[in-house]
Amino acid sequence: MTLENKDSHQSCGDYSDRSTSPDGMLENRDSGVSRREFLGMTTATLLMATRLSGSTKPDSKNGIPYRTLGRTGEKVSVIGLGGYHLGKQSDPQESIQIIRTGIDEGINFLDNCWDYNGGESEIRMGKALRDGYRQKAFLMTKIDGRTKSTAASQLDESLRRLQTDRIDLLQFHEVIRDTDPDRIFAEGGAMEVVLQAQKAGKIRYIGFTGHKSPDIHLKMLATASNHGFTFDTVQMPLNVMDAHFDSFQQKVLPVLTKSDIGVLGMKPMGDHYILGSKTVTALECLYYAMNLPTSVVITGCDSLPILQQEIGRAHV
């Protein structure tokens, strides 16, 4: 299983313990922190996260833990099936089988985006959601448009490809530029058409994603507040190294939990660099992200064996 990067455009890690390429390798001697010291810090953070998330036994389906998606009250699987890699199988039927098997095994959170693989990821997911599977899924997709016209066009195309009249969660994709918040909330901006679509019942909840800077996330949240709006979800990188530099966990996560905004985690492996350092394992990285106050950790799955591997690791 690979984690969705650039909000699912790049693979950032495989949850098996396979080694990374030499280009992604970091030597332990460069880290300045021993494995024992690092794991000590990680364990302390995990204990704190456990206290924050509560000690009661979580809801689950077929052994997959379910969590509440912020103030929406929706119950979603702790593992989300990322959409980018589902458009890359040579046989579209394999993509459909991966999606349906994931749902059958208890994963209900499905990620996608208007631009993944030229729309092929949404097309395949739409086919997978026939035969009653749409009713079993919490469906999320994203749009790139910043203006009212481009956002409307992309949303309508996503609805058509996904073969549905309603998307559970629509997110603004890749909010990574300092100008993005103002563009989205400007007169004639994308937020206008998204709010209209929500009122019309085409979408239920609204969020945004980004992977570049926690300060841009905070600006997006502040801009929304200045317009009297609160997002339902926010997606961002969360991993064992994030806390040490320009941290989403330190800067953004407390704001989200205080406002009861659903937290969607991504990049638990950090683009191979964390695994390349040989300081922690892939499983430790996954558990770290899952033990933060995340509602979902979104992962990309490119085969049935990898899907089954990760389902096993997510079981309570």
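How many bridges join strand S7 to S8, and do the two strands run parallel or antiparallel? In the predicted model described here, strand S7 (residues 109–110) is joined to S8 by two bridges, and the two strands run parallel. Within this pairing, Leu110 has Leu139 in S8 as its bridge partner. Strand S8 spans residues 138–143, and six of its six residues are buried, so the strand is largely enclosed by the rest of the structure. In a regular strand the side chains alternate between the two faces of the sheet. In S8, Phe138, Met140 and Lys142 point one way, whereas Leu139, Thr141 and Ile143 point the other way, and the residues of both sets are buried.

Strand S4 (residues 64–68) is joined to S3 by three bridges, the two strands running antiparallel, and Asp59 stands opposite Tyr66 in S4.

Two helix pairs were also examined. The axes of helix H2 (residues 92–104) and helix H3 (residues 120–128) come within 9 Å and cross at roughly 60 degrees, which makes H2 oblique to H3. This crossing of H2 and H3 is right-handed. On the H2 side the contact involves Pro92, Ser95, Ile96, Ile99 and Arg100, which meet Arg124, Met125, Lys127 and Ala128 in H3. The residues of this contact of H2 with H3 comprise five nonpolar, one polar and three charged.

For helix H4 (residues 148–161) and helix H6 (residues 190–199), the axes come within 7 Å and cross at roughly 40 degrees, and the two helices are therefore oblique to each other. The crossing of H4 and H6 is right-handed. Lys148, Ala151, Ala152 and Leu155 in H4 meet Ala190, Glu192, Val193, Gln196 and Ala197 in H6, and by class the contact of H4 with H6 has six nonpolar, one polar and two charged residues.

Terms used. Residues are numbered from 1 along each chain as its sequence is written. This is a predicted model: local features need pLDDT of at least 70, side-chain atom pairs count only at pLDDT 80 or more; totals for chains, interfaces and linings use all residues. Side-chain values use heavy atoms; hydrogens and water are left out. Axes are lines fitted to C-alpha atoms, for helices over the stretch in contact, and angles run from 0 to 180 degrees between N-to-C directions. Helices (H or I, at least four residues) and strands (E, at least two) are DSSP runs, numbered from the N terminus. Angles under 35 degrees count as roughly parallel, over 145 as roughly antiparallel, 65 to 115 as roughly perpendicular and the rest as oblique. A crossing is left-handed if the near helix is turned anticlockwise from the far one by less than a right angle, and right-handed if clockwise. Contact means heavy atoms within 4.5 Å. Ala, Val, Leu, Ile, Met, Phe, Trp, Tyr, Cys and Pro count as nonpolar, Asp, Glu, Lys and Arg as charged, and the others, Gly among them, as polar. Two strands pair if DSSP finds at least two bridges between them. Buried means under 20% relative accessible area, exposed over 50%, partly exposed in between (1.4 Å probe, protein chains only).
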